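Welcome! Have the structure open and follow along.

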Amino acid sequence: MTFLLSPVASILTDKWGIRTTSFIGGLMATIGMLVSSFVNSLELLYLTYGVLLGSGASLAYTPSLVVLGHYFHRRLGFVNGLVTAGSSVFTMVMPLLLSHLLDTIELSATLQILSLMMASLMLCSLTFRPLIVQHQRITDEVDRTSEESLPDQDGCCGSCLDLSIWRNRKYLLWVFAIPTALFGYFVPYVHLVQHVKDILPNANGEILVTCIGLTSGVGRIIFGKLADFPFINRIMLQQVAFLSIGCLTMVLVVARHFVLLVIVCLFLGLFDGCFISLLGPIAFDVVGQKGASQAIGFLLGFCSIPLTVGPPVAGLLYDHMKNYNVAFLAAGVPPIVGALLLCLIHRIRLAPSESIDEETGKSEVKDAVPDLIQSNDILIKTPEKVPLKDSTKEQTKECSVREHSDETTHLCTTHLESQNAI
C-alpha cells in the first residue's frame with residue numbers, strides 16, 4: 001500500500017502542498033497503528049494495519065523525498081543517501097526493540113508505543129517548508145491578473161496530472177526499466193533465512209539479513225555522495241547496482257559456506273543502498289524539479305506490483321523444487337534485464353520541446369520575466385521601483401550573500417538615490 005498509493009500521494013503533494021500531504025499521512029498512519037492495538041480480528045487488521053497505516057505511510061513517504069529537491073541541488077545525492085539510510089538503521093534496531101517489547105508488554109501495548117513513534121511524522125512534516133512552490137504561488141497570483149496568463153489544462157485529468165513527464169521519453173524508459181528490475185528484489189530478504197536453514201542447519205540466517213541492512217545504509221551514503229560528482233553518470237551508476245544485485249542474488253545458490261554467504265550479503269546490501277539512494281536524484285535529473293513529485297510517485301506506484309509478486313512466486317518455486325536454487329537464479333535475472341534496458345536511455349536524444357534541463361529552464365524564466373530575482377532553486381517576485389519625476393538619479397548596487405542550505409544564494413537589491421531625498 002505504501003508504494004501502490006504513491007501516485008496518489010504525488011498528485012496530492014502538487015495540489016495540497018508537501019507539508020499538508022505529509023501531515024495527513026502521519027495522522028492516518030498514527031490512527032491506523034493506534035486502532036490496530038484494539039483490534040482482535042485478523043480481517044480488521046487488514047484494514048487498520050494494512051490499508052490505513054499503509055496509506056498514511058505512502059502520503060508521508062513521497063513528500064519526504066520530494067522536499068529534498070527544494071533545498072538541495074549540488075548535494076542532492078548525498079542528502080538522499082542520508083535520509084534513506086535511516087530505514088537501514090531502523091531495520092537493524094527495530095527487530096531487537098520489538099522483540100523486547102513483545103516479551104514484556106505484549107502486542108497491544110507495543111502497537112500503542114509504535115503509534116507514538118508514528119505521531120512524530122506529523123511533527124516532522126511541519127518542518128517541510130516548500131520553498132519552490134511557495135514562491136511560485138506568489139508569482140502565479142500576480143500572473144493571474146495579467147493578460148498573458150497561461151490557460152488552464154484541459155479537463156480534470158489535466159489539472160491533476162503533470163502530462164509533461166509522460167512526453168519525456170527518458171522518463172518513460174526509466175519508469176519501465178526500474179519495476180522490471182525489481183521482480184526479484186525482495187526475494188533474498190524474505191527467503192534467505194529459510195535458505196540458510198536448509199543448507200546450513202546450525203547457522204543463524206538472521207545475521208545475513210542484518211548484514212544486508214548494515215551495508216545498505218553505508219552504501220546509500222557512499223554512493224549518494226559519489227553520485228554528486230559532476231563526472232558521475234547517475235543512471236550508469238544505477239545500472240552497475242542492478243547488474244551487481246542480479247549477479248550476487250544468483251551467487252547465493254553456489255555459496256555453501258556461511259562466511260561466503262556473509263560476504264555476498266555485505267556486497268548485496270552495498271549495491272542495494274546504491275540503487276535506493278539514486279531514485280530521487282535521477283528523477284530530478286530526468287524530469288526536472290517541476291515534475292519530480294509525480295515522477296517519483298508514479299515510479300514507486302509501478303514498483304509496488306513486482307515488489308509484491310516476487311516473493312510469493314519464489315515461494316511457489318520452493319514448494320515445487322524443495323530448494324531455493326531456481327528461485328534465487330530466477331530472482332537474479334530481472335535486475336540484469338533492468339540494467340540492460342537502461343542502456344537504451346543513453347541513446348535517447350530529447351527534442352527541444354522535451355528538454356527540461358534545470359539550468360535551461362532557469363535561463364528561460366529569467367529572460368521571460370526580467371523582474372525575477374533568481375536564487376538557484378528559488379524564484380522570488382519583487383516589486384518594481386518607481387522613480388521620482390524631475391530628479392537626477394544614481395543607481396547603486398548592493399549585493400548581499402547569504403548561505404541557504406548547501407547553496408550560496410546571492411540577493412542583489414537596487415536602491416535609487418535621489419538628490420531630492422524624501
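Predicted model: local features only at pLDDT ≥ 70, side-chain atom pairs only at ≥ 80, totals over all residues.

Helix α2 gives the most to the nonpolar patch, contributing 4 residues. I31 counts as partly exposed because its relative accessibility is 40%, between the cut-offs of 20% and 50%.

Now let's turn to helix α6. It runs through residues 106-125, and at 1.5 Å a residue its 20 residues should span 28 Å. The end C-alpha atoms are 30 Å apart, which agrees.

Which residues of α6 are buried? They are T110, L111, L114, S115, M122 and S125. These residues cover an arc of only 160° around the axis, so they lie on the same side of α6. An α-helix has 3.6 residues a turn, so residues three or four places apart point the same way. On the other side of α6, E106, L116 and L123 are exposed.

What do the buried residues of α6 pack against? Their partners are these helices:

| Helix | Residues |
|---|---|
| α2 | 18-36 |
| α3 | 42-66 |
| α5 | 76-104 |

For a closer look, take T110, which is in helix α6. T110 counts as buried because its relative accessibility is 2%, and buried means under 20%. Not counting residues up to four places away in sequence, T110 touches L98, L101, L102 and I105.

How values were computed. Residues numbered from 1 in each chain as written. Heavy atoms only, no water. Helix = DSSP H or I, 4+ residues; strand = E, 2+ residues; numbered from the N terminus. Expected span 1.5 Å × (residues − 1). Buried < 20%, exposed > 50% of the residue type's maximum accessible area, 1.4 Å probe, protein only. Arc of directions from axis to C-beta. Contact = heavy atoms within 4.5 Å.
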